[in-house]
Structures are given as structure tokens and as C-alpha cells.
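Please take a slow walk through this protein with me, one residue at a time. Keep the picture open as you read, and look up each spot as we come to it.

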Amino acid sequence: LVQTYSAHGYEILDIAVTEDNARFASVGGDKQVFLWDVATARTLKRFSGHFGRVNCVDFGGEEGSVVVSGSFDATVRLWDCKSQSTKPIQVFDDSKDSVSSLHVLGHEIVTGSVDGKMRLYDLRMGMIYVDTLGLVLNADALLALVDIDPITSVQQTTDGNAVLVSTLDSTIRLMDKSNGKMLQHYKGHTNSDFRIRSCLGFGDAAVFSGSEDGKVMIWDVLEGKVLEHLTAHDGKVASAVACNSVRKEFASAGVD
């Protein structure tokens, strides 16, 4: 054991680490956002303002100067790490349900929500773009009926042209950011009840995801075919996968 970081009073649901590995942010059931110094294990800041558990967090701005968090209270909040204030500098309240996942890339924030919508916030242009994930039930109707699928995770590709989106219909989709069209989809895992986070890895050449039956699956990004089908976590839910593309390694976490 190298270090322990203790301050949260409830479960921890997500962490994000700065590029220089000097600081990280953690969020969870206590409705706060904690900013930590890695070397000393001290909390540098505690940001308060969410009214429900905080599900996801990421860094943005120059040298990770801004922390972005998404919550069960259906808001996304931006926090200034350099300011003495612990109040948010901006709040997005467009979601109609819990914000389950977010990813920051440059001046853009992509969020996924239980309301089945992926939202792209372009901070430079001051615009928001919304795509609904789901199955069209009646395309001929004047107002098309859509079976909404709650979103469990989102991640932008390295080039910023597409977003990997996981939903509670046991499907992962690669969506084109420019027009909202689906470029590819990935199936074979089970994800209908729990939040399972997928990710891109190996230079965005592969898609990684856990499964509710404990398996970890890997797909080819372009072809959508299964590359690996690994058994793990004693058949219990494999809830998250993270990939180190430099070392060609990945790790999975589960409820076991």
C-alpha cells in the first residue's frame, strides 16, 4: 500500500486524475467534489453545491484548472481550482434526469444522462447539441415514438470526431459528433440494470467493456467484431474497465 486518501463519508463513485498525476478529484454519495494532492494525500479543496450524489468527474481547462462534475440532481457544474471560492463558476441544468457520465476534451464537454440524451457543450461557441439514444418505434408518425435507453457512460475519441456511448439495452454505440449518426455498434455483453462503463483503448483501435455476467469484452472499433471474451469477477457484475494504451494493459473493477 503506497497511500490512502480518506475524507469521504459515503461511497466514492468516480475519480479523475490530472495529466501530470499531481492532483486528482473524487466524487460520491456525500454530494461534494474533493480535490486532492497526490503526494501529501491532503484535500486541497472541497466543492459544494450539488443536491444529490455526484456520479462523475473530469478535469478541463489549462493544466486541469477546472473540475467538471455531473450529479443525480441532473446538473453539470464547473469549479475553478485556482479560485478561493468553493462555489461553481457555471451550472448546466439541461438534463431531465441523473447525469451518469461525462468526458471533457479541449473546449467541449460531453455528458450522458438517464434521460437517454447525449449532450455536447461547446464552451467556445456557447452552444449545446443534443442526441437521443434509443429505438425508433414508429418512424411514420408525425412525432416519432422513441424507446429511450438510459446512458451509462460516454467517452470521446482522441481526435474528438466521435463519442463512444453505452446504454442500458446491452449496446455500445460509436456516434459521429458532426451529424449524430451511428458509425458502429458493439454487442455481446449484458447491460440492462447497472451502470457499466466502457472505454476506448490501444489508440482508439479497441472498445473495452464489462458485463453484468462478470465478463470483460473487447471489440474491434472499425469492424465491431469481438476480439476477446474474458471471464472475470466470479460471475458478478464487471462495472468498469480502464485502459493504459501506452503499456497495452487494462484493468477491470466489479462488485466482487
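Serine 98 is buried, because its relative accessible area is 5%. Here, buried means under 20% relative accessible area, exposed means over 50%, and partly exposed is in between, with a 1.4 Å probe and protein chains only. You can find serine 98 in the loop between strand E8 (90-92) and strand E9 (99-105). Strands (E, at least two residues) and helices (H or I, at least four residues) are DSSP runs, numbered from the N terminus. The side chain of serine 98 has a partner: a polar contact of 2.9 Å links it to the side chain of asparagine 55. A polar contact is a pair of N or O atoms within 3.5 Å; within protein, one must be able to donate a hydrogen and the other to accept it, and residues adjacent in sequence count only if both atoms are side-chain atoms.

A word on what you are looking at: this is a predicted model, where local features need pLDDT of at least 70 and side-chain atom pairs count only at pLDDT 80 or more, while totals for chains, interfaces and linings use all residues. Residues are numbered from 1 along each chain as its sequence is written, and side-chain values use heavy atoms, with hydrogens and water left out.

Now go to aspartate 37, in strand E3 (residues 32-37). In counting charges, Lys and Arg are positive and Asp and Glu negative, while His and the chain ends are not counted. Aspartate 37 does have other contacts: its side chain reaches the backbone nitrogen of alanine 39 at 3.3 Å, and a polar contact of 2.7 Å joins it to the side chain of threonine 40.

Threonine 40 sits in the loop between E3 and strand E4 (43-48). It counts as partly exposed because its relative accessibility is 44%. From threonine 40 to valine 207 there are 167 residues in sequence and 35 Å in space, C-alpha to C-alpha. Alanine 41 lies in the loop between E3 and E4 as well. Its phi is positive, about 65°, although alanine 41 is not a glycine. At 19% relative accessibility, alanine 41 counts as buried.

Another positive phi turns up at asparagine 21, a residue other than glycine whose phi is near 60°. Asparagine 21 belongs to the loop between E1 and E2, and with 51% relative accessibility it counts as exposed. Aspartate 20 is in the loop between strand E1 (12-17) and strand E2 (23-28), and it is exposed too, at 56% relative accessibility. Together with Glu19, Glu62 and Glu63, Asp20 forms a negative surface patch. Patches are made of residues with over 30% relative accessible area and no salt bridge: like charges are joined within 9 Å, and nonpolar side chains (Val, Leu, Ile, Met, Phe, Trp, Tyr) within 5 Å.

A nonpolar patch, of about 270 Å², is made by Ile12, Ile15 and Val17. Isoleucine 12 is in strand E1 and is partly exposed, with a relative accessible area of 47%.

Let us finish with charged pairs. Side chains of opposite charge can pair when their charged atoms come close. How many salt bridges does a search of the whole structure find? It finds 8. One joins arginine 197 to aspartate 14, with the closest N and O atoms 3.0 Å apart. Arginine 197 lies in the loop between strand E18 (182-186) and strand E19 (199-201) and aspartate 14 in strand E1, so this pair ties together parts that are 183 residues apart in sequence. Arginine 197 is buried at 16%, and aspartate 14 is buried at 14%.

Aspartate 115 and arginine 119 meet in a salt bridge of 2.9 Å, N to O, and both are buried. Aspartate 149 pairs with arginine 173 in a salt bridge whose closest N and O atoms are 3.9 Å apart. Aspartate 149 is in the loop between strand E14 (145-148) and strand E15 (151-156) and arginine 173 in strand E17 (residues 171-176), so the pair ties together parts 24 residues apart in sequence. Salt bridges that share partners join Asp149, Asp169 and Arg173 into one network.

Note on methods. Areas by Shrake-Rupley, 256 points an atom, 1.4 Å probe, with all protein chains shown as cover. Salt bridge = Lys/Arg side-chain N within 4 Å of Asp/Glu carboxyl O. Charge placed at Lys NZ, Arg CZ, Asp CG, Glu CD.
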